[in-house]
Amino acid sequence: MDRIETGARSRADGTGSPSAKALRGLDALNFFLADVRDGLGPYLAIYLIAVRGPDEGWNEATTGLVMTIAGILGLVAQTPAGALIDATNHKRAVVIGGAIAVTVSCLVLPFIANFYLVTATQSIAHVAGTIFPPALAAITLGLVGPKMFAKRIGRNEGFNHAGNAVSAAVAGGLAYFFGPVVVFWLMGVLAALSIGAMLMVPADAIDDDLARGMTEDEAQTQEKPSGLATLLQNRALLLFAVLCAIFHLANAAMLTSVGQLLTHLSGKDHATSLIAVCIVAAQCVMVPVAIFVGAKADVIGRKPIFLAAFGVLALRGVLYTLSDNPFWLVGVQLLDGIGAGVYGALFPIVVADLTRGGGRFNAAQGAVATAQGVGASLSTTLAGVIIVSAGYATAFLALAAIAALGFVLYLALMPETRGATAAGSEPEGGAGVPPAVPAGA
C-alpha cells in the first residue's frame, strides 16, 4: 500500500513514472481503440446503402436519419460521460464495457434490418463511444501526472492516428476482396485487442484523484470534486469551448465538401479511392504532428501552437479554391493532418490546464466536446447551403473566413494556459480572461 501511495505522490510531483508495461499498454490501447471508438463511422452508410439497399428500405435519406439521431444522442451524452469518468474509480472497466457495447452494437447489424433496431444499435454505439476520449485522457493523467501529461498526450494521439491509418488501409484492402461486411469482423478483432491492451495497465497504477484533475494537496485532504457550477463560472474554459466550436465549424465540412467536389470531377468510383487516400495520408501526417505538439507544448506554449492550427485551417480553405485538379485537392487535404493533429493533441492539455485542482477535468472535456460537436454539426449544413447557392469556391472561402475569425479571437482573448498549474493560478499572457475558478466556488 505504501508503494502505491508513494508512486501516486511521485507522479503528482512529476518525479516518478509508471511501469514500462503500463505505458506499453497505453500505447497499444490508443492504437487498437482508434477504430473501435468511432464505431462503423463512414462504413455505416456504405453498408446500409450498398449492401442492404432500397430493396430493404435503405437509401441516403433513411441512412442519414439514423446517423443524425445517433449523432444527437452521442452529443448529449458527452458531458455525462466525462462526469462518469470523474466519479468512477473503475476506469478500466468503463473502457472495456464501452468497447464491448460499441462492438456488439455494430456486429449485430448484419442480422437486423428494421429501421428502429438499426437506429437503436447505432445510438448505443455513439453513446458508448463518448466514454473513450475522457477515459483515455483521465487514465493518462492518472498514470503520468500533470508534468508529463502534455508529452504523453502527444504520444497518445500519435498512436491513435497510426491506428486509424492502419485500420483504414486494412479495411480498404480486405473489403476489396471480401466486400463491406469484412469491416464488422475487423472491428471485433480490434475490440478484443483493445481489451487486452487495457488489461496491461494495472488498476493500481492509475491515481484516480490525479485522473480527475485534483492536486496532491487536495487529494490528501479528500476534497470532493467541485460542482458543475465551477465549469460555468470558468470564463477561460467557456471561451475555449466557443473557440473549439468555431474550429470545427470551419473544419468539419471541408473533407465532405472536397469529397462531393471530387465526385463531380472524377466520378463516384475514382472519388471514393481518392478520399480513401486523403484519409490515410492525413492520418499519417497527424502522427508526427501530434508527437511534436506533445513534446513542445510545454516549451513553446499552447497558444502559439493552437494559433498555427487555426492559421493552417484558414490557408487550407483558400488553397482549395486555386485549382479543380483532383491531385491538387488531395494534396491540399493533407494539411488536415497538421490542423487536426495539433487540435487533437492540444485539446485535453488546455482543458487540463484550465481545470487542474478542480476535480472536474473529464466533465469539462465532455462539456467542451459538446460545444465542438455543435460546431461540427452546423458546419456541413452551412457548407451545403453555400455550395448550392454560390458554389464550392465560395463555400471554401467562407469556411476559411470562419477559421480566420477563430485565429483572431484566440490571439486577442485566449490566455496562454501553460502557466495555469492549479485552479486559481494566473495563466500567462491572458487578455481580459480571468483564470480558472477555485474548486468549490
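Author: Start with axes: they are lines fitted to C-alpha atoms, for helices over the stretch in contact, and angles run from 0 to 180 degrees between N-to-C directions. Two packed helices are described by the angle between their axes and the distance between the axes. The model is predicted, so local features need pLDDT of at least 70 and side-chain atom pairs count only at pLDDT 80 or more, while totals for chains, interfaces and linings use all residues. Residues are numbered from 1 along each chain as its sequence is written, and side-chain values use heavy atoms, with hydrogens and water left out.

Reader: How many helices and strands are in the protein chain?

Author: Helices (H or I, at least four residues) and strands (E, at least two) are DSSP runs, numbered from the N terminus. The protein chain has 19 helices and zero strands.

Reader: At what angle do the axes of α2 and α7 cross?

Author: The axes of α2 and helix α7 (residues 132–144) cross at roughly 165° and come within 11 Å. Angles under 35 degrees count as roughly parallel, over 145 as roughly antiparallel, 65 to 115 as roughly perpendicular and the rest as oblique. α2 and α7 are therefore roughly antiparallel to each other. The contact (heavy atoms within 4.5 Å) is made by A22, L23, L26, L29, N30 and L33 of α2 and F132, L136, I139, T140, L143 and V144 of α7.

Reader: Is the crossing of α2 and α7 left-handed or right-handed?

Author: A crossing is left-handed if the near helix is turned anticlockwise from the far one by less than a right angle, and right-handed if clockwise. For α2 and α7 the crossing is left-handed.

Reader: Which residues of α2 meet α5?

Author: From α2, L29, L33 and V36 meet V95, A99, V102 and T103 in α5. Helix α2 (residues 20–36) packs with α5 at an angle of about 35°, their axes being 10 Å apart. This crossing of α2 and α5 is left-handed.

Reader: How does α5 pack with α6?

Author: Helix α5 (residues 91–107) and helix α6 (residues 115–129) have axes 8 Å apart, at an angle of about 155°. That makes α5 roughly antiparallel to α6. The crossing of α5 and α6 is left-handed. Among the residues that meet are G98 and A101 in α5 and T121 and I124 in α6.

Reader: Is L29 buried or exposed?

Author: Buried means under 20% relative accessible area, exposed over 50%, partly exposed in between (1.4 Å probe, protein chains only). L29 is found in helix α2 and is buried, with a relative accessible area of 0%. Leaving aside residues up to four places away in sequence, L29 touches V95, L136, S194, A197 and M198. By contrast, V51, in helix α3 (residues 42–52), counts as partly exposed at 40% relative accessibility. Across the protein chain, buried residues make up 52% of the 441 residues.

Reader: Where does α17 bend?

Author: The bend at a residue is the angle between axes fitted to the seven residues ending there and the seven starting there. α17 bends by about 35° at L346, and a proline, P348, follows within four residues. Of the 20 residues of α17, 19 are buried.
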